[in-house]
Each structure stands twice: as structure tokens, then as C-alpha cells.
Amino acid sequence: MTYEQAKTLLEKNGQEQVLRFWKKLSKAEQTALLAQIETIDFKELKRCASMLTATAAAAKKGKPTAPKVAELKGAALKKATAAGEKELKAGHVGVLLVAGGQGSRLGYEGPKGAYSIGPVTGASLFYFHARKILALTVRYAVRVPFYVMTSAANYDATVAHFEENDYFGLDPQDVIFFKQGMWPGMTPDGKIILDAPGHIFMSPDGHGGMISALKANGCFADMKKRGVKSVFFFQVDNPMVEVADPAFIGLHTLEKSEYSLKLTAKREPTEGLGMVVKRDGHFDMIEYTEMTDEMNNRRTKTGDLYFKFGSPAIHVFDRAFLEREAAKAMPLHLAHKKIATVDEKGKVVKATEPNGYKFEKFIFDALADAKGVTCFAFDRADEFSPVKNAEGKDSPATCKA
């Protein structure tokens, strides 16, 4: 992209302020800024800007109810496991890891997946995930493709970590790295924010952005070529996860589900897990921040929590469903944040109050479109101990223990 092309495009979309420091930039800074501008989808940007001026959406009126959650035992568990193993042996399963974050909250500078978590070995989060996939390839004598979603901030470091560790024994041809999308931050009046004279403030487009990223990076085509029908999805911070659990894969297949979720009983009513609910005949996810005190503490006649099971973001998707979702625009969620800006003289100014907006897509917004949704309960002691906080609950100390 040339300067003139960028200028024309920005003026057409009312964003000409992005180039206001152009003459003060070095050649390298000019080249980098043009590269950023070229990545912006201005059609989507208009959709973001329209959210800033739109009136608040009407609250969802349907009363949320708890969904049916399968707790498999005995013959039912055996049947589901057999069905899942059949899918694995046939090469119908791919694995998708969301790993776009940095380890800064843990005091670690680098991809969160490279953070050392092994209590004895000091092995990284990536090590545990990759070795579980390697175990699947050995156990079922099959190639299991491993799709790793990174961000612009950690792509190079993530690839380097795998290379330095010889891909943890996996065939490099079966490890596919791709980047999630990045969106510019915007002022309340819809203007793109510069956080340096030659740099646009960009933030990842959320875990829901993985659908469009899979399409943009040719991953759907790769899955189709390999014969992948089901995609196991999980997040990088949980080394306990049972990757592509045969029983979960099998239940998903037997139920002809398009979107399946593993759920775990909350350790306390207010635990920070999203809640899967049914509302107006559709499945939905309520963020824990949106749960009322009454909903958190509501009990059944037997004394159990009514909204008992939370989602730790362990899913199985039908590949064809994800492709269908990629053809439509997902809902956007905005967050009011403190974002560094530049003043008229080009000086960087740190924000002390929220002054701009980030935009994200959430994967669970696809729930409403799924023709079949299955919820599967699991014991958190078996496979859920995330590394989210530096200390206290869900920290390196609790995970290592």
C-alpha cells in the first residue's frame, strides 16, 4: 500500500487523522503504519463505530433456564467413548488451541503458553498440550492436526518456542500456527486511536475471532483436506485438560451436535465461569459478571445450585458449522478501556480514565445458531486447574499442586 492509497482510503472513511504525523515519521515507521492500515477491514470498522452511537440494545426478555447436562456413567459412558475412539482412529478430529495471550499477569514476558508450569520438570503449558496430542497420534495410529491460534504480539515467539523444543515430538507438518484478527481502538466519536505518532492502537478481536481467522488463514481448507469433521477447542492456560477426550467427542457425534460444551460444577456460587442457559428456545451464555445474586444463589429442591454448571471454555465444534458461521458477521462486544493516545504535538499521553473502546467477538455467541447443542459434565479435579492469577485461586501454585 502506498501513502496516496492509504490517504484516499482513510479520507473515504473519515479517518484521515491517522496520517497527521506522517512527515515526522522515519521511513521504517511510515512502512509499518501503512502495513497496519492495510490490515484494517473498514466495513467491519463501520460496524464498530455504529455501536458507539447506537442506543442500548433491548434487554433479553426470555427467562433463562438451566440446560440438560449429561453426566455419563456405565454403559452410556462406554458407548460414547467407543464412538469417540472410532472418530479419532478415522482421522476425523482436529485440535484447536487458543493461545493469543501474553503471560504478563503472571510476571512473565512472553507467550502465556511458554510459561513454565511443570511442578517437577518446569515444562511449559505448550509442552503438556502438545504431548497429549502426541499421545493421541500414538494411541490411535493417526495424524491429529494441531491448530494454534496466536496473536500479532506473540506469533513469532510462539513458533520459536515450538522450534526450540522440536515441536515436542509432533510432526511440524501437523502443527498449524495462525494469527487472530486485530482491531483498532476507537474514541467515543468513532475515530481510530494512535498510541504513538506512527502506530495505531490495536487489540485482539476476542476468542470469537477464531472463526474468521480460521477462514482467512486457510485452516478450514486444511481441515477439509485432512477429513476433519469435529474440532476440539480449548484455552492455553489449563494444562489439566483432557485433549480430544474420546467420551466427549463420542457424545458430540452420537448427539449429532454442532456445538458441544464441557461444564463443571462451580466451586462457589460466584465463581467466574460463564453459564450456559436456554432462553426463548435457544441456547445462550451468560457471563459471570451478568449473573444476579438471586441467580447465583438459587437452589433446587435438593439443595443444589440451580445454575450449577459453569463453562471453562472446553468445546467441540462441527467443522461444517464453523464454516457456516464464518460466512456471517458475529455480534460485537465493546469494552471501555484506558488507552494511551498522542496529543496534537505527537507526545504520548497515558490515560488515567477509560477514554477509548476495544471491540471483541465471543465464541459462545455462536450457540444461538447451532442446530444441536450438547452439554457434558466433568469433574474439575480431573481436568481443570487454570493458570489465570499470579497468586491465590487459579494460580501457578494451585495448578502445580
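**Aromatic pairs and a helix crossing**

In this predicted model, the count of aromatic pairs comes to 18. One of them joins Phe-162 and Phe-168. The ring centres of Phe-162 and Phe-168 lie 5.2 Å apart, and their planes meet at 85°. Planes over 60 degrees apart count as edge-to-face, so the Phe-162 and Phe-168 pair is edge-to-face. Phe-162 and Phe-168 are both buried.

Tyr-306 and Phe-307 also form an edge-to-face pair. Here the distance is 4.7 Å centre to centre, with 85° between the planes. Tyr-306 has 27% relative accessibility, so Tyr-306 counts as partly exposed. Phe-307 has 2% relative accessibility and therefore counts as buried.

Phe-162 and Phe-168 belong to one aromatic cluster.

The charged end of Lys-179 sits over the ring of Tyr-155, 5.0 Å from the ring centre. Lys-262 lies over the face of Phe-378, at 5.6 Å from the ring centre.

Two packed helices are described by the angle between their axes and the distance between the axes. Helix 4 spans residues 74-89, and helix 9 spans residues 246-254. Their axes are 6 Å apart, at an angle of about 90°. Helix 4 and helix 9 are therefore roughly perpendicular to each other. Residues of helix 4 in the contact include Leu-77, Ala-80, Gly-84 and Leu-88. On helix 9, Pro-246, Ile-249, Gly-250 and Leu-254 are among them. By class, this contact has nine nonpolar, four polar and three charged residues.

Definitions and conventions:
Residues numbered from 1 in each chain as written. Predicted model: local features only at pLDDT ≥ 70, side-chain atom pairs only at ≥ 80, totals over all residues. Heavy atoms only, no water. Axes fitted to C-alpha atoms, helices over the stretch in contact; angles between N-to-C directions. Helix = DSSP H or I, 4+ residues; strand = E, 2+ residues; numbered from the N terminus. Parallel < 35°, antiparallel > 145°, perpendicular 65-115°, else oblique. Contact = heavy atoms within 4.5 Å. Nonpolar A, V, L, I, M, F, W, Y, C, P; charged D, E, K, R; others polar. Phe/Tyr/Trp six-rings, centres within 6.5 Å; stacked < 30°, edge-to-face > 60°. Buried < 20%, exposed > 50% of the residue type's maximum accessible area, 1.4 Å probe, protein only. Lys NZ or Arg CZ within 6 Å of the ring centre and 35° of its normal.
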